Protein chains: 2
Amino acid sequence: MDPLDGKTVAIVGLGLMGGSLALALRSHPIALVGIETDSATRELALEYGLVDMVTANLAEGVAGADLVVLAAPVGVIVSTLATLPSACPTGCAVLDLGSTKQAIVAAMNKLPPSFKALGGHPMCGKETAGLRAADAGLYQGQTFILSRTTRSDSVMENLAVSFVAAIGARPLWLEPGEHDRLVALTSHLPYFVAVGLIAKATTAAQANKHLWRLSASGFRDTTRLAGSDPLMLRDITATNRVEILSALRDYAGVLEEIIKLLEQGDDELLLDWLIARQREHDRYRQEQQRSSAGTVARWPDRAE
Amino acid sequence: MDPLDGKTVAIVGLGLMGGSLALALRSHPIALVGIETDSATRELALEYGLVDMVTANLAEGVAGADLVVLAAPVGVIVSTLATLPSACPTGCAVLDLGSTKQAIVAAMNKLPPSFKALGGHPMCGKETAGLRAADAGLYQGQTFILSRTTRSDSVMENLAVSFVAAIGARPLWLEPGEHDRLVALTSHLPYFVAVGLIAKATTAAQANKHLWRLSASGFRDTTRLAGSDPLMLRDITATNRVEILSALRDYAGVLEEIIKLLEQGDDELLLDWLIARQREHDRYRQEQQRSSAGTVARWPDRAE
């Protein structure tokens, strides 16, 4: 029997990520509890039939939960972990969805021994926040990072793997430090790159009224991440500053190389360099498609 | 009567852009001729019924054409303009779709007085090149830049405006220099930004096998332009080097500001800055949606 069947899962935070979790879990034999401070979101969750019970009170929400999932910005996750021992004196099993892992795993390590805890991070999202943007398929086929803590054991690990499979995602075990170093490159750097483009283009648009009419789908996609929740990014930066700065400095060095290449004025040398980059882009897309193609066979969506 | 009705339009280059043009024009009372050096593409164009006649020979293709549209990378457009006087000794009307305008308008200015010519640049595209990626809706609602040359007159301008309306696009008259300066920011800079991210991430992926599994939709969209045709970008760079270098250096300065902001470690200051950038992103998206919403009323698609 699946370790998740018949269990009660409490989701702390019914925004895009928590709401999408609830939608993905809805067809499983699981009781769902939502814990959400915003009253309009609580009403919406009940209206959608997203959860069996919803409350603003952490202690009330986690009482009787077999698994508590923290779906909030990193800062809220860390402060929730600090209040959990008083909200749930008997202990419980905790998993999170936070964007960085070192600060959260450190907070989990401080939980009393009656708690079981694992760090988690699904590699998906949208630039639109909030429950109305929730999507049952958000996690489908996506990588779900899991990080061990001093508060995890094999029972907790089996529960987490079952949870990841239930939402159609694919688990990948990583050390928190390795996770934070890699996502600084694949997620945080692209965000700051997009934000920088928006800052530069806005300045130019103030000087020339035609600028936005000359921006097409390329500009739109390259800057999409600049619409992300600033609070989430503030917390990410606060807990992954060293790695983000390192990625930004390395990237500034790559831009400097590109500037030098253009200054040289040798267009055939530039062409060779651009062809090599296009091939790298092709290989990256192939890697992506290969790992997505493997999803269905390995992690069938039990909801269907 | 529409100045385009009953006319013959010759399209030089049946790739993504030229093929999409043919698809968009197919339902209009216009004869279409394709001029294409690749034999497989010529066969495909006939198979699709995309054009009424297809040839590899420029002189044969432009004979009898009321409008010749050059749909190729900038370098090919410039060299085609150089051979047009011998291919079409009696002169013809020429419009192009090239990504930069100064070099092309300069070449158009050198055409004999029997020629009429306007520079053009539709603000749309895809990172996938070739006729198989062609799309009848590619130009729908998009801005189509038009640049006057010393070889244009009101008859030519009316013909070009009618052509732009026929494919569902919206004309915007701009000086070639202003065009090249603005697209350096909205199109060429985002390309090099994406290429830089792919270069950096590929190096990291060679050192860590998990890296690509930690890249999600944000990375995918931010780097999409790195899949663009390197030949097209080589030609763009060769004809817009000064503006691209200026945009890259300005952008490197913005990244330097971001690095300093992160080094300061004042996360509330960072939050304020990120909120301001998110608002700028919102305003840009609103501008985009407003200009798209105006499309239907001003330029009804006559194909429907």
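Two strands pair if DSSP finds at least two bridges between them; strands (E, at least two residues) and helices (H or I, at least four) are DSSP runs numbered from the N terminus. The model shown is predicted: local features need pLDDT of at least 70, side-chain atom pairs count only at pLDDT 80 or more, and totals for chains, interfaces and linings use all residues. Residues are numbered from 1 along each chain as its sequence is written.

Within β7(A), A:Phe144 is the bridge partner of A:Pro122.

Next, display the whole sheet of chain A, an open one of eight strands in the order β3-β2-β1-β4-β5-β6-β7-β8, with mixed pairing. At its edges lie β3 (53-55) and β8 of chain A, each pairing on one side only.

Now turn to the boundary between the chains. Chain A and chain B each bring 85 residues to the contact (heavy atoms within 4.5 Å). In chain A, select A:Arg213, A:Leu214 and A:Tyr284, which lose the most area to chain B, together 10% of what that side buries (buried area is the accessible area, with a 1.4 Å probe, that two parts lose on being put together, summed over both).

Finally, select A:Arg234 and B:Glu268, whose side chains meet in a salt bridge (2.8 Å, N to O). The term denotes a side-chain nitrogen of Lys or Arg within 4 Å of a carboxyl oxygen of Asp or Glu. Between chain A and chain B the count is 10 salt bridges.

Conventions:
Chains are lettered from A and ligands numbered from 1 in the order in which they are written. Side-chain values use heavy atoms; hydrogens and water are left out.
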